[in-house]
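Please read it alongside the sequence and the coordinates.

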Amino acid sequence: MSQTKKNGKVKLMVVKKKTVLITLVCVLCFAGAIAAAAYHSRNDKTPKGTVEATASSTDAVLTQKVQEENEQVSLTPTMEKAEMPDVNVTKKPVDKPTSNPTKKPEATIAPATNSPSPSPLKSSKRQFVVVIDPGHQSKQNSAQEAVAPGSKETKKKVSSGTEGTYTGVAEYQVNLEVSLKLRDALEALGYTVIMTRETNDVDISNIERAEIANKAKADAFIRIHCDGSEDHSVNGIFTICPTKNNPNCASIYKECYSLSKYVLDNVIDSTEANSRGIMQTDTMSGINWCQVPVTIIEMGFMSNKKEDNALVSEEYQKKLVDGMSKGIQKYLESK
């Protein structure tokens, strides 16, 4: 065979071998690609269905949050209205606007004339009546009067009282000074005040004093006194009211006791004096003839040096008045 033919056969064989190799490589690559695709298809953790479900779930959560926020916004003014004491299903007057006045339902707005009245403490529109009795007078009346309605037991109509062991000042004078100051303090609070006396030169029995309070239909009857004792060490403040078994005014016992306690507690707070408590007795005509809440306050002992000097001083009298007025005010508020 010629050299040219040999060379031609060799080249043809080389070409065939290359073609076979390329074909084999392509087949292997194609098979590998198919195998890889199958592998990923089996092991992929976020297939299309899962992605779509996740996206759908996320949208649902966002939608729910938006709805919840919208509900909170709409509920806020409703809750405020519910907390407002004057806005409810009975259509009571509205004293103040809600947080969103433009959306306030007109059905809850009542005429201004139906607005509730202010409390008695903040307004003088309710005229409580207080009767003040400055105990005793400059000249006693020794004529007798019954201790109680229907009673055969009698006592002096009125005495001149005690006097300061150290100051020499008469009790009736101290009683009047404190009573006039108390009158001014109570009138400043808006109360109607009636005095049984405004001077020492009078002649008014204890029964007559009680009848003044009864006629006025007093909400509180305050009787102002001082005390005395042979023992000069005795000191302190106390109040007096009837007993719960009083045959003449048992029906007002609770009111009398309450008034006595309010007055005593607040006077003690104001003066820091010794408290001797509440005395309950049925022996006093000025109490037994009462048909209205009554208390007697014994402001101190004029037989005690410290209290005698204090009782005639402006400063201490103002403390007494401050405590009494606060006690009376708190009592009237409680009614």
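A residue is called buried when its relative accessible area is under 20%, and exposed when that value is over 50%. The model is predicted. By this criterion Cys241, at 0% relative accessibility, counts as buried.

**Cysteines**

- The structure contains zero disulfides.
- Cys241 takes part in no disulfide, and the nearest cysteine sulfur, belonging to Cys256, is 6.4 Å away.
- For Cys256, the closest cysteine sulfur is that of Cys249, at 6.0 Å, which is too far for a bond, because a disulfide requires two cysteine sulfur atoms within 2.5 Å.
- Cys256 has a relative accessible area of 0% and is therefore buried.

**The six-stranded sheet**

- Six strands form an open sheet with mixed pairing, in the order E4-E1-E5-E8-E6-E7.
- Strands E4 and E7 (275-280) are at the edges; each has a single partner strand, so one side of each lacks a neighbour in the sheet.
- From one strand to the next, the twist averages 20 degrees.
- Strand E6 (residues 237-241) runs parallel to E7, and four bridges join the two.
- Within this pairing, Ile237 has Ser275 of E7 as its bridge partner.
- Helix H5 packs on the sheet, where it touches E5, E6, E7 and E8. The direction of H5 makes about 170 degrees with that of E6.

**Nonpolar cores**

- In soluble globular proteins, nonpolar side chains tend to be buried together.
- The largest nonpolar core has 33 residues, of which Leu182, Ile224, Ile237, Met299 and Met324 touch the most other members.
- Two or more residues of this core come from each of the strands E1 (129-134), E4 (192-195), E5 (220-227) and E8 (294-301), and from each of the helices H3 (171-188), H5 (253-271), H7 (305-311) and H8 (314-334).
- Helix H8 supplies the largest share of this core, namely seven residues.
- Leaving aside residues up to four places away in sequence, Leu182 touches Ile132, Ile222, Ile224, Val321, Met324, Ser325 and Ile328.
- Another core, of 19 residues, lies apart from the largest one; its members include Ala218, Cys256, Ile287 and Cys290.

Notes:
Residues numbered from 1 in each chain as written. Predicted model: local features only at pLDDT ≥ 70, side-chain atom pairs only at ≥ 80, totals over all residues. Heavy atoms only, no water. Core = buried A, V, L, I, M, F, W, Y, C linked by side-chain atoms within 4.5 Å. Buried < 20%, exposed > 50% of the residue type's maximum accessible area, 1.4 Å probe, protein only. Contact = heavy atoms within 4.5 Å. Pairing = 2+ DSSP bridges. Axes fitted to C-alpha atoms, helices over the stretch in contact; angles between N-to-C directions.
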